[in-house]
Amino acid sequence: MTRTSAVSLIRSRSLSDVAEYAYAATAPAEARLIFLAGACPLDEHGDTVAVGDYAGQAAKVVENLRTALADAGASVEDVVSTRVLVASARQEDLVAAWQVVRDSFGDHDVPSTLMGVTVLGYADQLVEIEAVAAVLDAPTHREPAGPPSA
């Protein structure tokens, strides 16, 4: 399946440039939207990795997010927005996780929300990322139909 990214990042000239992400993103009406469940820091056996390590868990979460995107026919460059959840009340823990996420997106700095939460769903889980992506699937080439049979 051939696909083209549908995402356009919008950088506001009216808002502060201190944020390390675009303030908005769009995708055209004909885009196929992909809503990803929160990616978690779980290995192939379902065990939480990098216990106690915000950056380590963020790296595994991004790896798992990339896998889920690929399985849906998309990539990080197709992400429209993210929500990064960090189980901590300490800003430095949020920043540690955010830096890994931010670096993994490179120039595709999508709109994102970074939130400190009380607890996440798996034992020892510290980081989770939700994402929405959009792609334009190229129509498949079909041979023209012949004349109708009588």
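The model is predicted, so to speak of local features requires pLDDT of at least 70 and side-chain atom pairs count only at pLDDT 80 or more, while totals for chains, interfaces and linings use all residues. Residues are numbered from 1 along each chain as its sequence is written, and side-chain values use heavy atoms, with hydrogens and water left out.

Helix α1 spans residues 54-71 and reaches 26 Å from its first C-alpha to its last, close to the 26 Å expected at 1.5 Å a residue (1.5 Å times one less than its number of residues). Helices are DSSP runs of H or I with at least four residues, and strands are runs of E with at least two, numbered from the N terminus. Just after α1, Gly 73 takes a positive phi of about 80°.

Among the buried residues of α1 are Tyr 54, Lys 60 and Leu 65 (buried: under 20% relative accessible area, 1.4 Å probe, protein chains only). Their cover includes β4, β5, α2 and β7.

The largest nonpolar core has 26 residues, a core being a set of buried Ala, Val, Leu, Ile, Met, Phe, Trp, Tyr and Cys residues joined through side-chain atoms within 4.5 Å. Its largest share, 6 residues, comes from α1. Leu 65 touches Leu 36, Ala 39, Phe 105, Ile 129 and Ala 131, not counting residues up to four places away in sequence (contact: heavy atoms within 4.5 Å).

Notes
Buried means under 20% relative accessible area, exposed over 50%, partly exposed in between (1.4 Å probe, protein chains only).
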